Amino acid sequence: MQKNSYLGVGLGLRKKHFKKVLENNQDVDWYEILSENYMKFGGRPLDVLKSLISKKIPIIPHGVSLSLGSSDDIDQSYFKKLQQLIHLLNPPWFSDHLCFSSHEKVHFHDLLPVLKTSESLEIISHKINTLQEKLKIPFALENISYYLKSHLDEMTEEEFITEIVKRTNCKLLLDVNNVYVNSVNFNFNAIDYIKSLPVESIIQIHLAGHWNRGDLLIDTHGDYICPDVWVLYRKTLEYLERPVSTLIEWDNEIPSFEELKKEARKAKEILKECFDET
Amino acid sequence: MKLKDYNKIWSQFLLGKINLQEAQSSLKIKNPHLELYKEFINHHFEFALAKNFPLTIKAAKLKLQEISPLYYQEYQAYDWELNSMGKQFPQFLTNKNYPLYIQELSLYEWLKFDICLSCENEEEVISDIAQEELCLNPLLIGQQFTYDITDWINKDLFQTPLELHHILLVTRDFHLKNCLFTKASQILLEIINVFLEQNRFIEKNELKELMLSHSSTSKEKLSKEIEFALKQNIILSKDSLCLNHSS
């Protein structure tokens, strides 16, 4: 499974780069799309997507609105659209976050921390199992950056994620920047955290930039990947002893396509240094 | 705590129904960063409004940091789709009694954004029609305007626009998916009415005959208007894809 799931280094597909993407598609191994931006709409975004599909460039749908950590059931209109998108893309996996983003039909459009209790574990695992069963492809769960901890939690994030993987056999999308941001904000060892996860399930890695507010690191996806995150990425790969599909995320103040490709090349160099065969 | 109650407390806090102290206490959170999440959500709404309504913001001199939280408090997002966050903004401006031309400018900007991303596929419709047949564009939107917004946005946004009671027809370019705006003439409206009444594909010559039977328009003028309607994608033919609308 692991070898077949390795796609190389990808970029987030953003409207700003549509023209360049269509011109330069051979330079980028694969793309990740924000699922919701392609689930209801046609127009130019869909045309670009279909063009990439025709060129057999892998595209992974990455969602922000599944709201796994909400007590509400999965929105059926959302599910149907996601199903259609997956049918169109035929991706090796799809992903979303360990968070909740809606409650009783109100959408906050932000990744809010989940309650880590046995009841919540049951609800989230049930949703993931249902999704994987119906969509017939693996789901990859992404760790989020968070800025507070609740004493209502009955387990740590690592324990919670490990238990979800055990109950669902889902994959993990390890956001190395999020781990780094959380480790600085909450003063824990980032690589120890990663080692405590069911690492054999890691199918994809996210790399992104953050903002140092002074008292807090904030995950903005709006800057270059910082040196410490590159170091953590290398340490993660060394620990995993295998290449993992890696995605450069940049969503705010998006730079030129060339600048994004430079970041992707850095990731490729690290992969090459760690694993000769990539 | 039950997950439903946890979600509910977060929701109440984010929607301003309970204060920070109540939320922190109920969620058993000791550090001071709960308020940060409100800032994140406001930022998302600010971003959405800035993206969808750049001209409205400029013309009305709106301060996004002030208006965005007010908009969010009144019009929460009921859709998982991120682009829908700005959908109710024209209505918000109406309720806040902004001048009618500001309301219409926001509606113009929303229509432009909405139609460009529409899932309707005009090409599928074309594939169904015969060579000589014409049909009404399924995407076509007709919107009544009091002010000449299309003219105004190319001039000084800080001057009040001219009044021009008219219907604006909205379609999109086949290739670039850009928006096409057309001020509806009487003949264009009559052409549209024929298609709405007949509710079928119509051959070009038959359309002319139908039009001429109850209109005083000359045959030459009518032909010109039909070609114009085709160029603006108001009506479609088998050759619509080949027309260069992007110029």
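Tutor: Happy to. Let's begin where the two chains meet: 41 residues of chain B are in contact with 48 residues of chain A. Keep in mind that this is a predicted model.

Student: How much area is buried between chain B and chain A?

Tutor: About 4,200 Å², and carbon and sulfur atoms give 66% of that. On the chain B side, B:L3, B:Y37 and B:W80 supply 21% of the area buried against chain A, more than any other three residues.

Student: How many salt bridges does the rule find across the interface of chain B and chain A?

Tutor: Two. In one salt bridge, B:D79 is joined to A:K40, with the closest N and O atoms 2.5 Å apart.

Student: Which helices of chain B supply residues to the side that touches chain A?

Tutor: α1 (3-14), α2 (20-27) and α3 (34-52) of chain B each supply at least two residues. The largest share, eight residues, comes from α1(B). Sort the residues on that side of chain B by type and you find 23 nonpolar, nine polar and nine charged.

Student: Okay, now strands. What holds them together in a sheet?

Tutor: Strands pair through backbone hydrogen bonds, in either a parallel or an antiparallel way. Chain A gives you the parallel sort: strand β8 (residues 171-175) of chain A pairs with β9(A) over four bridges. Here A:L173 has A:Q204 as its bridge partner in β9(A). β9(A) also pairs in the parallel sense with strand β12 (residues 245-249) of chain A, over five bridges. There, A:A208 stands opposite A:E249 in β12(A).

Student: Is strand β9 (residues 202-208) of chain A mostly covered or mostly open?

Tutor: Mostly covered: seven of its seven residues are buried.

Student: And where do I find antiparallel pairing?

Tutor: Look at chain B, where an open sheet of three strands runs in the order β5-β1-β6 with antiparallel pairing. β5 (202-203) and β6 (235-237) of chain B stand at the edges with a single partner strand each, so one side of each has no neighbour in the sheet.

Student: How many bridges join strand β1 (residues 133-136) of chain B to β6(B)?

Tutor: Three, and the two strands run antiparallel. To spot the pairing on screen, find B:L134, which stands opposite B:S237 in β6(B).

Terms used: Residues numbered from 1 in each chain as written. Chains lettered and ligands numbered in written order. Predicted model: local features only at pLDDT ≥ 70, side-chain atom pairs only at ≥ 80, totals over all residues. Heavy atoms only, no water. Buried < 20%, exposed > 50% of the residue type's maximum accessible area, 1.4 Å probe, protein only. Pairing = 2+ DSSP bridges. Contact = heavy atoms within 4.5 Å. Buried area = accessible area lost by both parts, 1.4 Å probe. Salt bridge = Lys/Arg side-chain N within 4 Å of Asp/Glu carboxyl O. Nonpolar A, V, L, I, M, F, W, Y, C, P; charged D, E, K, R; others polar.
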